[in-house]
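User: Hi! I have a model open here and would like to go through it with you. Could you start with a residue and work outwards?

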Amino acid sequence: MLFNSIDFAIFLPIVFVLYWFVFKALKSQNVLLLVASYVFYAWWDWRFLGLIILSTCIDFCIGLAIEKTLIKRHKKYLVMLSVLLNLGILGFFKYYNFFIENFNEAFMLFGRDIDLNYLNIILPIGISFYTFQTMSYSIDIYRDKIKPTKDIIAFASFICFFPQLVAGPIERASNFLPQIQKRRIFNYEKATDGLKQILWGLFKKMVIADNCAFFVNDIFENYGDYSGSTLFFAAFLFSIQIYCDFSGYSDIAIGVSRLFGFNLKKNFAYPYFARNIAEFWRHWHISLTTWFKDYFYIPIGGSRGSKWMQLRNTFAIFMVIGLWHGAHWKFVVYGLINALHFVPYIIRGKNTKYTSIVAENRLFPNKKELFGMFHTFLFLIFARIFFRADSLTIAVDYLKNLFSVTLFQLPQFSSNSQALVLFVLILFSFVVEWFGRDKEHALENIFNKSKRSYRVMFYYTIVFLIFYFNGEEQQFIYFQF
């Protein structure tokens, strides 16, 4: 079920009431969370429940086995087994047809037609997220960072916790498992803060992202019929859409978790205020980028060694990040384009620049910061064309049409008035996030120093905008990954 659906609006209060008022014991609450999470997941396709249960059992057992084994070499074999099984399951469902297609095409280059058969495989929703979550558990036990749990209910609840099950944030056992194993006490301030974050997430998803989708879907599907300027604005709107869609999901997931007494890790830190590409990737999909940093980038050398080694490692991690998004060459190219943008920063040793908040202790950014934000966002607009296009060929063709003489014409929209309203709403969302850029989420402290009536009025305004300007319901973009 979608967070922005009637089904979820009924599901969430039922689970909340049962959790806090009926099942008050820790064990009972964890059982309830597990059952609720399985119901939530089965709402899409109950047939894949067995797969998530299998992944859970694999790493639960391997984690205990690693702890019991005294020989280091045997521990290594066990963690390798976890990685192979998890990546094997993920690879089969997500990449089997991709590799078969490229295998067939490779042989055709040498005049051989082997024509291996494709399989009609349905991609289980959330598999890329919960696979990484289970796999990191075994790796962390092997690295002696955590101890394995003997509580299968707590572990299963950690793997399939419904708010973040299908699209993250990707949690680590070191952060989340202790919270599941500890008694929770209802905290009114935490719950109200969670509701504010849910409200902002719904606004970003339903008002901004879904309305952007109205224009983006039409223009990308019929890009040959539109001027270059319209194609540029469609690419701009897609960058807004994917941010508001995905960060909106994360806001709702984190907010819902807070209603149940949990703290999930922050997944977005206002990435469109980044002053260069390195800062952007430190603030975008943080749970994924830090996962790849800890379990892939650092093990292959990270930023140690020569400039050449740093460049090699950067291209490697971005190629893998691109491929994580889907079994298409367009995602690999998207990753490599981002890696290319890192090159001058790595060569000049400035890839770790900008670790503080933009315009810290100031209302407005200075000229250098403003130029950096503009340059970074402009780069992302063009890079994301490869992400959104149906294929690599279409992405290239889209860019050819964009960079034509029609780039300097006035853009065409199917509804100019709707487009104007959308741009005003986008500006409003950016202003709100700018004033909350030093907080965990945009509404955390907004109007806190003002009268309570002003805060209430502001929240009711958000509610009104959601009900009055919500777009046609769209599935969250990252569900497909």
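User: Where does alanine 316 sit?
Analyst: Alanine 316 is in helix α12, residues 307-325. Helices here are DSSP runs of H or I with at least four residues, strands are runs of E with at least two, and both are numbered from the N terminus. This is a predicted model, where local features need pLDDT of at least 70 and side-chain atom pairs count only at pLDDT 80 or more, while totals for chains, interfaces and linings use all residues. Residues are numbered from 1 along each chain as its sequence is written, and side-chain values use heavy atoms, with hydrogens and water left out.

User: And what does alanine 316 touch?
Analyst: Leaving aside residues up to four places away in sequence, alanine 316 touches Phe296 and Ile300. A contact means heavy atoms within 4.5 Å.

User: How far is it from alanine 316 to phenylalanine 447?
Analyst: Their C-alpha atoms are separated by 44 Å, and the two residues are 131 residues apart along the chain.

User: Let's zoom out. How many helices and strands are there?
Analyst: The chain has 17 helices and 0 strands.

User: How does the radius of gyration compare with that of a compact globule?
Analyst: The two agree, because a compact globule of 481 residues would have a radius of gyration near 23 Å and the chain has 23 Å. That radius is taken over C-alpha atoms, and the globule rule is 2.2 Å times the number of residues to the power 0.38. Along its principal axes, the C-alpha trace spans about 75 × 70 × 45 Å.

User: What share of the residues is buried?
Analyst: Buried residues make up 54% of the 481. Buried means under 20% relative accessible area, exposed means over 50%, and partly exposed is in between, with a 1.4 Å probe and protein chains only.

User: Back to single residues. Is leucine 177 buried or exposed?
Analyst: Leucine 177 counts as buried because its relative accessibility is 4%. Leucine 177 lies in helix α7, residues 173-181. Not counting residues up to four places away in sequence, leucine 177 touches Tyr137, Thr149, Ala154, Phe155, Phe158 and Arg172.

User: What about methionine 457, buried or exposed?
Analyst: Methionine 457 counts as exposed, at 55% relative accessibility. Methionine 457 belongs to helix α17, residues 452-469.

User: Which phi value does aspartate 144 have?
Analyst: Phi of aspartate 144 is near 65°, a positive value in a residue other than glycine. Aspartate 144 lies in the loop between α5 (127-142) and α6 (152-160), and aspartate 144 is exposed, with a relative accessible area of 61%.

User: And what is the phi of asparagine 361?
Analyst: Asparagine 361 has a positive phi of about 65°, although asparagine 361 is not a glycine. Asparagine 361 is in the loop between α13 (329-347) and α14 (367-388). With a relative accessible area of 79%, asparagine 361 is exposed.

User: Last topic: where is confidence lowest, and where is it highest?
Analyst: Confidence is lowest in helix α4 (residues 72-109), at a mean of 85, and highest in helix α9 (residues 228-259), at 96. The chain averages a pLDDT of 91, and 98% of the residues score at least 70. pLDDT is the predictor's confidence in each residue, from 0 to 100.
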